[in-house]
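Biologist: I would like to learn how to read a model of this kind step by step. Could we put it on the screen and begin with the fold?

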Protein chains: 2
Amino acid sequence: MVKTTLREAPRSDKSGNAELLQAAAECFMEQGFHATSIDDVARRLGATKGRVYHYYRSKTDLFFDVHREGMRRNFDAVRPVARGPEPGAARLRAMFLRHALAMMENLPFETVVVQGVHMHRMAATTPAQRRVLDELMTIRNDFEALFKSVAYEGVEDGSIRTNDVSVAIKAALGALNWICIWYRPRSGETHDDRLILAEKIVDTIMNGLAAG
Amino acid sequence: MVKTTLREAPRSDKSGNAELLQAAAECFMEQGFHATSIDDVARRLGATKGRVYHYYRSKTDLFFDVHREGMRRNFDAVRPVARGPEPGAARLRAMFLRHALAMMENLPFETVVVQGVHMHRMAATTPAQRRVLDELMTIRNDFEALFKSVAYEGVEDGSIRTNDVSVAIKAALGALNWICIWYRPRSGETHDDRLILAEKIVDTIMNGLAAG
DNA sequence: CGAAGAACATACTAAGTAGTATGTCACGCC
DNA sequence: GGCGTGACATACTACTTAGTATGTTCTTCG
């Protein structure tokens, strides 16, 4: 008798789960991971549990996939401006700006990413889920490392000054990630509005608050 | 017949709940509000539900009280240096430093405060709980307003430069609040170690990353 | 010393929810 | 034109857990 291997692989990456991811991201943003039920996600789609469990074997897997998508968007936003002939400070500024805009324009996904970071140190999961979580944290660390490497280049070319690149980047990314706590899109808001806001934030990060 | 008013007031502020608050804060930090059961909190105390429900009528009320205590500590840390003869920038720097230290030294409570802010826009609560939540957000806003007012004074006395005080403060507080996401105390860590770290963060906020 | 209330522990209920098992319908394919 | 399979819906189970009701011990105070 063959051991029937039903659903051995996580069933993601099928067409049609973009909607699902979006709905899940919105639910997770509004209520958090634990307070969101699978039925909530399904209801938002005008569907039932069946649809969700057809694509994901567990709520955790769904959450992870939303997280993964959020990080993908973050990388896509930042990577194009990370390398180039400009001095480090200019590239870092561009990266910050892109990231700030991404925070605002992918709010549900970014909120899930933040929750995921929060979740990292916390509650026990199955070994398989733990592996996925570690993978996601690796991605997250790579993201931070990308900023750090550009910052180091800036220190070397003299365009950036700090006595601890690692801490400085953590502070800067904190200011940016915090956006998803207080920012809510205003109705009628344009891309330019967001750009102005993002520039104010990045100016603060790059120039600081002290005069002179 | 008298309408028996059993437990009309939230039963807090009795002696002996400091332990309870601490245990609850730790649980909420490690697992988040929803994933933490009352039994978890009790177990951490070597007690049972009975003890928790003797002091708090609901899990939400317990959470709120932890939040309140966290905000109380924040105010206590920052207020003493908010006013004085020094220029705004110097006072603001001192406030940031105190807040950064408070974040590290009250990690469980601060994490709950962050969760509470997160919770604000979110899931439905009872009308009474909504009132408490609004009260907590008022406190939170007052806290932010204190920073803003000092920043304004700094702008006027020329020690601070920014084109949007409100956004700049949000960015700065974001960098500080984010501490509770990545910071974990190292064993054998001293107060001086934390002070050095806090100063690096505050330097970044005050001076920015750009050279010159 | 007796009684009342504080400070818990124990036992229980009711409700919500993750996950499963199974059904159904449409469609492509031999 | 049957048939397998993908894409869901429906019905159900098992378990967790917030909150309650009640019991018990200790303390305090008249």
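Biologist: In what order do the elements of chain A run from the N terminus on?

Modeller: Before that, a word on conventions: residues are numbered from 1 along each chain as its sequence is written, while chains are lettered from A and ligands numbered from 1 in the order in which they are written. This is a predicted model, in which local features need pLDDT of at least 70 and side-chain atom pairs count only at pLDDT 80 or more, whereas totals for chains, interfaces and linings use all residues. Elements are DSSP runs numbered from the N terminus, helices being H or I with at least four residues and strands being E with at least two. Read in that way, chain A runs α-α-α-α-α-α-α-α-α-α, with 10 helices and 0 strands.

Biologist: What share of the residues in chain A is buried?

Modeller: A residue is buried if 20 or more other C-beta atoms lie within 10 Å of its own, exposed if 12 or fewer, and partly exposed in between, with C-beta atoms placed from the backbone. Buried residues make up 39% of the 212 residues in chain A, and the C-alpha atoms of this chain fill a box of roughly 75 × 45 × 30 Å along the principal axes.

Biologist: How many residues does each chain bring to the contact between chain A and chain B?

Modeller: Two residues are in contact if their C-beta atoms, placed from the backbone, lie within 7 Å. Here chain A and chain B contribute 40 residues each. On the side of chain A, the elements that supply at least two residues include helix 1 (17–35), helix 5 (88–105) and helix 10 (191–207), but helix 8 of chain A gives the most, with 8 residues. By class, where Ala, Val, Leu, Ile, Met, Phe, Trp, Tyr, Cys and Pro count as nonpolar, Asp, Glu, Lys and Arg as charged, and the others, Gly among them, as polar, that side has 22 nonpolar, 13 polar and 5 charged residues.

Biologist: Which residues come nearest to DNA strand C?

Modeller: A residue is near a strand if its C-beta atom, placed from the backbone, lies within 6 Å of it. Of the 16 residues around DNA strand C, the nearest are Ser37(A), Ser58(A), Ala47(B), Gly50(B) and Arg51(B), and helix 3 of chain B gives the most to this surface, with 4 residues.

Biologist: And which residues are closest to DNA strand D?

Modeller: Among the 16 residues that surround DNA strand D, the closest are Ala47(A), Gly50(A), Arg51(A), Ser37(B) and Ser58(B), and the largest share of that surface, 4 residues, comes from helix 3 of chain A.
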